[in-house]
Amino acid sequence: MKSATYDSQLREISTKIEAGERVTYDEGVFLAEQVDVQTLGRLANLVRERKNGDFAYYNTNMHLNPTNVCVYRCTFCAFRSDLHADKAYEFTDDMIRERVAEAQAAGATEIHVVGGLHHQKDFDWYVNIVRVIHEACPEIHIKAWTAVEINWFCFKTKQSIPWVLEQLIDAGLGSMPGGGAEIFHEDVRGKICEHKADGENWIDIHRQAHKLGLRTNATMLYGHIETEAHRVDHLCRLRALQDETGGFQTFIPLAFHPENTGLDQIQKPSGLTDLKVMALSRIMLDNFDHIKAYWIMLGQETAQLALSYGADDLDGTVVHEIIYHDAGAQTPEGLTVAQLTDLITEAGRIPVERDTLYRKVIRDGAAWHIGEPILTGAGA
């Protein structure tokens, strides 16, 4: 039985959320540690519908992971490979062009590019990947290279963050994904990915990207060795940067998949945990327009439920996703547009195709053009 203090605190926080006021770090920890998932879901859905009504968004996209060879050995990663391992691979320019042609044929508006930090490839190799995609299909949006990769490029070139980003923009970069954030808190990050960009590096790289006009995404990897307080701390750091720059488009909570990783003794997060983190994220990130339920990691059924627990976006058709499948994801490597829209409709939401920058996509089969920007909140 909950105490009178609990009831009073929950009532006070609920009133703030209903009024559109900000939840503090301490209040976030209270919600994360003590409040049941159904109550969190109800509060998150208030925020979700205030911002996005009954709309749920998706895009037609394709993934490209140019190499799995990586200098880092993050405990949680099942994708990376040593240079001479049997599973090691790297894409040639022709292979990249083939993937772009496949994306064009499928009517994709976006190619999502991330991969390993190959210690024998210089920065120009990574710039060339963006350039080859852009030259092969100038109209397709290139969302490429996480902050961890940008940090590596700065190390390799001994150049500044803005310089590195400007080279990529000149080659055709359109925006940045939000990967590599994991958990910002030093007590956790030092144990699961001690050698790669720390939380402050990640934040500053996104800050610099926003200053250059690049829109970016943000993520959080949960369900490994972090605590509820670590999650809330992570969300508060993202919220603070969004206050400063306004450059984030969407937040994606990423459920940890332990299979084939150095943490395979850990049980993957339950569906209830997935929904709880989704709801908490929507409540805490009051200045983010969108929260994404990445169906690849959550599974299609949980992703559907998440549309009533704060999420307003299911990502996209994806196609050729291998990073999380290497870690044991049992979902398909891609969904059709019809399957995505069915998932959304069955969840009681209205499907809307968007491009990477959250503009409506007007489609005639595989042919498409960009429509009006998607408005949220009072402007929706």
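# A quick tour of the fold

Tyr222 stands opposite Ala255 in β7. From β6 the chain crosses through helix α10 (residues 228–245) to β7, and this β-α-β crossover is right-handed. Keep in mind that this is a predicted model. Here is the rest of the picture, topic by topic.

**Around strand β6**

- On one pairing, β6 runs parallel with strand β7 (residues 248–255), and 6 bridges link the two.
- β6 also pairs in the parallel sense with strand β5 (residues 175–176), this time over 2 bridges.
- In that pairing, Met176 sits opposite Thr216 of β6.

**The sheet with β1**

- Another set of 3 strands makes an open sheet, ordered β9-β1-β10, with parallel pairing.
- Its edge strands are β9 (313–316) and β10 (350–353), each of which pairs on one side only.
- Ignoring direction, neighbouring strands in this sheet are turned against each other by 25° on average.
- Strand β1 (residues 55–59) is joined to β9 by 2 bridges, and the two run parallel.
- Helix α15 (residues 337–346) lies across β1, β9 and β10, and runs at about 165° to β1.

- Strands β11 (residues 359–364) and β12 (residues 367–373) run antiparallel and are joined by 5 bridges.
- Asp364 stands opposite Ala367 in β12.
- The hairpin has 2 residues between its strands, and Gly365 takes a positive phi near 70° there.

**The nonpolar core**

- As background, nonpolar side chains in soluble globular proteins tend to be buried together.
- Here the largest nonpolar core has 110 residues, and Leu31, Ile133, Trp145, Ile150, Leu168 and Leu238 are those with the most contacts inside it.
- Helix α5 (residues 123–136) gives the most to this core, with 8 residues.
- Leu168 touches Phe123, Val127, Val130, Trp145, Ile150, Phe153 and Leu173, leaving aside residues up to four places away in sequence.

**Helices α5 and α7**

- α5 packs on helix α7 (residues 161–171) at an angle of about 30°, and the two axes are 8 Å apart.
- Angles under 35 degrees count as roughly parallel, so α5 is roughly parallel to α7.
- On the α5 side, the residues that meet α7 are Phe123, Val127, Val130, Arg131 and His134; on the α7 side they are Trp163, Val164, Gln167, Leu168 and Ala171.

- Leu64 belongs to strand β2 (residues 61–64).
- Is Leu64 buried or exposed? Its relative accessible area is 0%, so Leu64 counts as buried, the cut-off being under 20%.
- Not counting residues up to four places away in sequence, Leu64 touches Phe91, Ile96, Arg99, Ile111, His112, Val113, Val114, Ile129 and Ile133.
- Leu64 and Leu335 are 271 residues apart along the chain, and 16 Å separates their C-alpha atoms.

**Helix α2**

- In helix α2 (residues 25–34), the buried residues include Glu27, Gly28, Val29, Phe30, Leu31 and Ala32.
- The cover over the buried residues of α2 includes α1 (4–18), α3 (37–52), α10 and α11 (271–284).

Conventions:
Residues numbered from 1 in each chain as written. Predicted model: local features only at pLDDT ≥ 70, side-chain atom pairs only at ≥ 80, totals over all residues. Heavy atoms only, no water. Pairing = 2+ DSSP bridges. Helix = DSSP H or I, 4+ residues; strand = E, 2+ residues; numbered from the N terminus. Right-handed = clockwise from strand over helix to strand, strands pointing away. Buried < 20%, exposed > 50% of the residue type's maximum accessible area, 1.4 Å probe, protein only. Contact = heavy atoms within 4.5 Å. Core = buried A, V, L, I, M, F, W, Y, C linked by side-chain atoms within 4.5 Å. Axes fitted to C-alpha atoms, helices over the stretch in contact; angles between N-to-C directions. Parallel < 35°, antiparallel > 145°, perpendicular 65-115°, else oblique.
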